[in-house]
Amino acid sequence: MDQPQHLLVGVAWPYANGEQHIGHIAGAYLPPDIFARFQRMRGKSVLMLSGSDAHGTPITVRAEAEGVSPAEIVDRFHATFVDSYLKLGLTFDLFTHTDTQNHWDVTQQMFRRHLEAGYIYKDSQQQLYDGTAHRFLPDRYVEGRCPFCDSDEARGDQCDQCGRTYEAVELKQPRSRISGNTDLEIRETEHYFLDLSKLQEPLLAWLKDGKTHWRPNVIHFARTQVEQIKLRGRPITRDMDWGVSIPLPDTEHKCIYVWYDAVIGYLSATTEWAQLNNTPEQWRQWWDAKTNPDARIYNFIGKDNIPFHAMMWPAMLIALQDMNLPYDVPANEFLNMYGRKFSKSQGRIISILDVLKRYQADAWRYALTAIAPETSDVDFSWDDFVERVNNELVANWGNLVNRVLGFAYKRWDGVVPTPGALSGQDQGLLDEVRAGFQSAGELYESAKLKAAMNEVRRLSQRANQYLHDAAPWSTIKTDPQQAATSIYVALQVIDWLKILWAPILPHSSQQLHEFLGYDGQLFGRQYTETVKDARGEHLVLRYDNSAAIGTWEPGTLNPGQDLKPPKPLFVKLDEDVAEKETAAASN
RNA sequence: CGCGGGGUGGAGCAGUCCGGUAGCUCGCGAGGCUCAUAACCUCGAGGCCCUAGGUUCAAAUCCUAGCCCCGCAACCA
């Protein structure tokens, strides 16, 4: 087999400066979990990794606004991320954060290797300096009037009004967000730069090579950028104290720029995972091109992150040589709300942690997959959520399970009936659903999750049609053996659909697995742990797949197997849910 | 200004690469079934495929010009 065994599923690192909303989940967090669960059932050696991004000005700005330490902000939101991923069932083999000793080590090591290989140089930059606060003002620490459109709300690096970018020193009437000081001076400051000009050629060669399986929004963007823009040195250090320190002398009050250290998280999380498992060299199975060139690395992200994952990070890896580069970067567009971006400040936000209190995890997994913004921005509305859960998930799949299990349990004393000879109709349904392992499998494999879901839903509709034609509730009165055969076929099909749905609906598939009288867990176990290191301790979310028995193949349901008393898999939502939630959101 | 994505029946989407009777889910209308969470099954109504040109026997699909929406532009998924 030339199928790769080792798959690394990298997930965008969330900034630990606010709660996650359903847009984050639909765009970048749920899709990789569905993909990873599918691949694990295929027997692949999957590592799904991410962590909270602890550094950067969004964190320190918030910390200063609240008068607490950045670490406190990170710990608070990191814990909420872990909590919501547990509840939603996102099976991270490791979800850590970037303020760990391991991440510091890996980042500094990469800095040194880039330096030694000649990809890092030192240069000076002009930056605004706040004499009152005695510090430099990177990025969002400064606001002012936009040099292009005169908006007064312009940030240090970009104007939200007209969208243009510029250097902070170009701002008109700049003011410090720390002290409010408007009497800012321009000072020279020395920084280290990653020399991307040296990487442009190999990066472009890599982007031009193959990539036919990449989504057009990702590959078109990356190619045109690298083709048309002359890449230049980009600063990888900043005048800040909060961040990974620079492994060189005379670098006080400077640290490594967050963009550089955050993407290294994919590598550092792998080594942290390997160390936690006491197999420190295992990371090579995914990253080291000499050890395992067939490993595939996937990066699931939102479209805003395309430049970093399709350009910067690959360039950094190319510079190291002998590292596996991303195999695919399935970036999603955005999930909006009523036509506009989610916005915390404007009260348009649906926190995933909050809504998981009221609705089933699998209901969200279904609805967010159904409307996943795979090719264009998509609008979320509560009406749509209710409609999809009630009229699609409950009506099509949940009801199929309920009608078959309920009938079987009542009429055959809680046991899987023994079938007689199969008719052409029986065989036809079995063949069609069995073929779903191939057809839906290919769609899951290529991360076309919406299409995979449609395929599985089509198959469960076929089962509903079969039942209508076979009408076992009618034949049982005249020909009990034929009714038994129909119900056996339906149960077998449900047993297979359980697997086909499992990547998207792991919780209810497990429940169905048990209703059908099976033991064991289709998937592994999620758990949290506190890890101590030289920088303190940090909470991690982990996943142990060793006891999982779910496999991507049609098993055989044994006649005579004891069923469990069935209950509906999904809660049907009340009519007024949409109204209530919409009202609550606008308060 | 530049770049990327999108514009398909009431809603959400697929189809566009490799032209050939416009497809799916939901909603709506009618009928059927009654095992089932009033769910399920069948049939039906409903579309200038953004616009204007062009290529072609034939264009949602290819070419040209333009319009509209979203995003990116070095980090807000």
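Gly-436, Ser-439, Ala-440, Leu-443 and Tyr-444 of helix 14 meet Leu-449, Ala-451, Ala-452, Glu-455, Val-456 and Leu-459 of helix 15. Contact here means heavy atoms within 4.5 Å. Helices (H or I, at least four residues) and strands (E, at least two) are DSSP runs, numbered from the N terminus. By class, the contact of helix 14 with helix 15 comprises eight nonpolar, two polar and one charged residues. Ala, Val, Leu, Ile, Met, Phe, Trp, Tyr, Cys and Pro count as nonpolar, Asp, Glu, Lys and Arg as charged, and the others, Gly among them, as polar.

The model is predicted: local features need pLDDT of at least 70, side-chain atom pairs count only at pLDDT 80 or more, and totals for chains, interfaces and linings use all residues. Residues are numbered from 1 along each chain as its sequence is written, chains are lettered from A and ligands numbered from 1 in the order in which they are written, and side-chain values use heavy atoms, with hydrogens and water left out.

Two packed helices are described by the angle between their axes and the distance between the axes. Axes are lines fitted to C-alpha atoms, for helices over the stretch in contact, and angles run from 0 to 180 degrees between N-to-C directions. Angles under 35 degrees count as roughly parallel, over 145 as roughly antiparallel, 65 to 115 as roughly perpendicular and the rest as oblique. The crossing of helix 14 and helix 15 is left-handed, that is, the near helix is turned anticlockwise from the far one by less than a right angle (clockwise would be right-handed).

Helix 15 also packs with helix 11 (residues 361-370), at an angle of about 115° and with the axes 9 Å apart. Helix 11 is thus roughly perpendicular to helix 15. Tyr-366, Thr-369 and Ala-370 of helix 11 make the contact with Leu-449, Lys-450, Met-453 and Arg-457 of helix 15. Four nonpolar, one polar and two charged residues take part.

Chain A as a whole has 19 helices and 19 strands. Its radius of gyration is 27 Å, close to the 25 Å that the globule rule gives for 587 residues, so chain A is as compact as a globular protein of that length. The radius is taken over C-alpha atoms, and the rule is 2.2 Å times the number of residues to the power 0.38. The C-alpha trace spans about 95 × 55 × 45 Å along its principal axes. Of the 587 residues, 57% count as buried. Buried means under 20% relative accessible area, exposed over 50%, and partly exposed in between (1.4 Å probe, protein chains only). Among contacts between residues at least 6 apart in sequence, 76% join residues at least 24 apart.

Asn-299 is found in strand 13 (residues 296-302). Asn-299 counts as buried, at 1% relative accessibility. Beyond neighbours within four places in sequence, its contacts include Gly-10, Tyr-266 and His-309. Glu-553 sits in the loop between strand 19 (536-544) and helix 19 (577-585). Glu-553 is partly exposed, with a relative accessible area of 47%.
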